Amino acid sequence: MNESPKNPARRSLFKFLGGVTATGAVSSLLPGCSESESEKPTHNSLTFKEIPHGLDYQHHLPEGYKSTVLLRWGDPLNREETSFQPEELSASSQEQRFGYNNDFIAFMPLAAGTSSTQGYLHIQSKNSDRGLLCVNHEYTQPHLMFPGYNDEYSATRGVSAEHVAIEQAACGHSIVEIRRSKQGWKVMADSPYNRRITSTTPMEITGPAAGDERLKTRQDPSGTQVLGTIGNCAGGKTPWGTVLIAEEGFGGAFQGDPKKLEDSREIENHQLFGIKPENRNWGDHDRRFDIQVEPHEPNRFGWMVEFDPYNPQSKPRKLTSLGRFEHEGFTLVCKPGQPIVAYGGDDDEHQFVYRYVSQDNYQPEDPDTNRKLLVNGTLYAARFADDGSGEWLPLIYGQGSLTAENGFRNQADVMIDARRAAALLGATPMDRPEDVETNPHNDCTYVMLTKNKKRSDTDAANPRARNTAGHVLELAPPGEKGNRNHTSAQFQWQQFLLGGNPNAENPAERGAYGQQSPYDISEHGWFANPDNVAFDPRGNMWIATDGCERFGFHDGLWAMATEGPLRAAPKHFFGCPQGAEVCGPEFTPDGKTLFIAVQHPADSRNSTYDHPLHRWPDNNPLLPPRPSVLAIYREDDQIVGS
């Protein structure tokens, strides 16, 4: 996520510096993932008037739709804070305000007439008029946040202690109560639920790596407590009422030379995550971010974090059972009486798709038991065979090549070095796996693969050398629709669509959509670089993009069916202001509101706080461009997309 159209060196938090011919439509082979022609009327539910490709300084919606700017960077989350004055901002004030570069969004309902902290009671209510908006803040951009920086590079070195403290307070996550009335959505600034999780929030470490020597530091000799979370990209929700947030591009927050470390294990480990002397200078002011001072501190990041939004006093916990890598997110499949299954991707070139299976079964009415499901279980990496079959490879110490002979001491090592473990097992290197989610309507799982310009050798699952436009895979576990066995070690897969222009002159860059031909879509229906994905209450897929500006138009949101004759035939719904991408699409349970996060607006070459490309969304000469969350709805109060 978040690679700037004009600056390809930046792809995730703090990383500032540092074929096949698709001539026809994508086939439909997996049973139950696509239905028959006779069911056509049930799948023509996306009736909105498509918007055109474009590129300007505003956002764009179809006719009959409106949007409200619900939250912007710097908006106060309590009534004690004053209006946003960016040049007077302090770290303590930022800790009470909406953070920077909003990403993943989770809408967590609040049941009417109860103040219970039991999250599953609120989730079951499906209340669409009142809830907690839980929003990630992935990374900071000092050259767009503060005056005085000439360009992006100048904001990577020599940043002041005051600005670093503000950046650390602007990362992490926001929990904000919102309510809908006849006048629209409103932030409840006096809500006791409102809080910030930042780069310095105390957290617990759980799972197989907790307490391991490689997680111990001077500040935490136990290896079980850590301050903060960074690089928070996508995430997930649980049916017991907790939220999962990912730690993705954490490596660039750390400075120092891995080659100077005494521990050979950490040299390769830190290099793999892009830690180098010329990274951001947080370590100058917060010494735990200097690996020469704390060589184990980076091992305490790169995990999934679980927290309870309904209990403001609860302590977030890092889940080492889900492995350590550049998490895009993890999303859950929960069926009563069965183990939970969580799917996720490692958002980097030639990295892997993962699945986690809990040791115990999901019990809908037993939240205490369910809270243990993400602590005890097995992580797997995917191998995609060219014949359309797939296999999940367990990352278990002592099995296969995950032994002492290959440098693994225990299960903690396997989880800390999950990338190396997956590679040794023979998992398939992919084209930047981002969001991985399961459509509850057809029980198939979809993998967003954004791109991979570094690829030279191709395979069936990654069919393009130097893949610039990305693609989407569809996975089907064994079983029938609605009753698939997601715990099986085997699955079937196929290409769902290939990003890019279906009329591109170069066959290797040609997109493929729809079941019948590449012309099932309009001239505005194609896109590139799929990133986030969500499913509306009718089972339609909504894909957010990151990289369309390289193809001459804005990033945005495209919607399509996953079944029937209009399967994989996108329609263009939303367009970003220039320099921005869409993140975290999320629907209310009734489908009448769509929340989206517009990240890094005006992020373009030579655009700075003092001289920004534009000032969306306020368009106020006294305010910089501000990452913001929008609430989108139909003027007639019907379901979004229909």
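Trainee: Is Thr140 buried or exposed?
Mentor: Thr140 counts as buried, because its relative accessibility is 0%. Buried means under 20% relative accessible area, exposed over 50%, and partly exposed in between, with a 1.4 Å probe and protein chains only. Bear in mind that this is a predicted model: local features need pLDDT of at least 70, side-chain atom pairs count only at pLDDT 80 or more, and totals for chains, interfaces and linings use all residues. Residues are numbered from 1 along each chain as its sequence is written, and side-chain values use heavy atoms, leaving out hydrogens and water.

Trainee: OK, and where is Thr140 placed?
Mentor: In the loop between S3 and H3. Those labels are DSSP runs numbered from the N terminus: helices are H or I with at least four residues, strands are E with at least two.

Trainee: What does the side chain of Thr140 make a polar contact with?
Mentor: The side chain of Glu167, at 2.6 Å. A polar contact is a pair of N or O atoms within 3.5 Å; within protein, one must be able to donate a hydrogen and the other to accept it, and residues adjacent in sequence count only if both atoms are side-chain atoms.

Trainee: Which residues of H4 are buried, then?
Mentor: Glu167 is one of them, along with His163, Val164, Ile166, Gln168, Ala169 and Ala170. That's seven of the 10 residues in H4, which runs 161-170.

Trainee: What do they pack against?
Mentor: Helices H1 (91-94), H3 (142-145) and H6 (282-285), plus strands S3 (130-137), S4 (172-181) and S6 (195-197). Contact here means heavy atoms within 4.5 Å.

Trainee: Switching topic: which peptide bond is cis?
Mentor: The one from Trp616 to Pro617, with omega near 5°. Pro617 sits in the loop between strands S29 (594-599) and S30 (628-634).

Trainee: What about phi of Arg432?
Mentor: Arg432 has a positive phi of about 60°, although it is not a glycine. Most residues other than glycine have a negative phi. Arg432 lies in the loop between S19 (430-431) and S20 (433-438), and with a relative accessible area of 0% it is buried.

Trainee: And phi of Asn529?
Mentor: Asn529 also has a positive phi, near 60°. Its loop lies between S23 (490-498) and S24 (530-535), and Asn529 is buried at 0% relative accessible area.

Trainee: Last one: how many helices and strands does the chain have?
Mentor: Nine helices and 30 strands. Of its 642 residues, 63% count as buried.
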